[in-house]
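Colleague: Hi! Could you walk me through this one? I'd like to start with the ligand.

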Amino acid sequence: MIAFLWVFIMRTSPAQAQADPVNWLPPDSRIDVQIPPDELLSIIEPLQGEALLGKLLFNSPSLLGETAVRIGLTCNSCHPNGHVNTRFFMSGLSSLPGTIDVTHKFWGSGTEDGVLNPIAIPSLRGVSKSAPYGTLTVLPTLGAFTKHVIETEFAGPPVQPYELSALIAYMSLLETKPKADKQTYVQTNLSAYFALLIEPLEREWIGGVTRITHLIREELGRRIKVSPEHRAEYEGVSQILKLIQRAAKTHPANARDALNKHLGSAD
Ligand code: HEC
């Protein structure tokens, strides 16, 4: 919980994060993505539902555990929009930009193999059709490898089945080529994010409501970074989400009403 809030604060207040006296990342490292490459999805419509949830997870350090949360590392840091972050570099863990040692004690995973063996970060475009997966550990399915990445390589918390299928749904849309007509990137409306809460609220599944609201609030933090002129609007939406999340625990009917009210208006 604190970790999620911390991530959110860090994402929404970069100036504050930079002023933090504790720099967890080895000096001279570079894990950010400068200009994200085109996503190249196999669909034209904006993402929604499970694939949208998968993208939120793909962009959340919370998925990869404590070390990742501290340094703000996500799947997307290494595989931006499914491509390769060729400038990715972590001192002591990378040999060349675009490489990383995934069996290093830095990750706290107990997979330290005693050798500095950085591997080139692969592209994930077309990944659903490129089984088997991995070099040091080879696994037959995308689900098994993704679980291995999260739980074993990065020592993240156990990945939930709904998270795993959402990640697979998203990664399965990553294409190797642009679609025939030129790919125009359409930003997903905020209402599509809100819609992710309908089912968890109906089922009164508090864990899901909490998790998904945190993921959406992280996304709002990222949007503020990209479009600071919309800060007030996104902060307002974030507050509404917080209220919905709180109400879900005690007054689920009110939470559903509040969600319905904002579904149409949150574009
Ligand atoms: C620090 C950089 C880094 C992060 C973060 C990262 N990966 Fe990777 N990923 C790699 C490297 C390096 C490999 C190659 C590993 C290998 O071959 O054993 C890889 C391989 C993969 C593969 C196998 C691709 C193939 O064709 O064999 C998948 C799938 C994958 N990553 C998904 C993910 C997902 C999902 C996340 C987030 C949960 C993630 N990765 C986070 C660096 C990273």
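Modeller: Happy to! This is a predicted model. Two helices, H5 (75-78) and H6 (142-153), each supply at least two residues of the shell around the ligand.

Colleague: Nice. Which element gives the largest share of that shell?

Modeller: That would be H6, with five residues.

Colleague: And which residues come nearest to the ligand?

Modeller: There are 25 residues around the ligand, and Cys75, Cys78, Tyr133, Gly134 and Thr135 come nearest.

Colleague: Okay, let's zoom out. How many helices and strands does the protein chain have?

Modeller: You'll find twelve helices and two strands in the protein chain.

Colleague: What about burial and contacts?

Modeller: The protein chain has 267 residues, and buried ones make up 33% of them. Looking at contacts with a separation of 6 or more, 64% join residues 24 or more positions apart.

Colleague: Last topic: what is the mean pLDDT of the protein chain?

Modeller: The mean is 88, and 88% of the residues reach 70 or more. Over residues 1-21, though, the pLDDT is below 50. In the model, that stretch has 21 contacts beyond near neighbours in sequence.

Colleague: Great, thanks for the tour!

How values were computed
Residues are numbered from 1 along each chain as its sequence is written. This is a predicted model: local features need pLDDT of at least 70, side-chain atom pairs count only at pLDDT 80 or more; totals for chains, interfaces and linings use all residues. A residue is near a molecule or strand if its C-beta atom, placed from the backbone, lies within 6 Å of it. Helices (H or I, at least four residues) and strands (E, at least two) are DSSP runs, numbered from the N terminus. A residue is buried if 20 or more other C-beta atoms lie within 10 Å of its own, exposed if 12 or fewer, and partly exposed in between; C-beta atoms are placed from the backbone. Two residues are in contact if their C-beta atoms, placed from the backbone, lie within 7 Å. pLDDT is the predictor's confidence in each residue, from 0 to 100.
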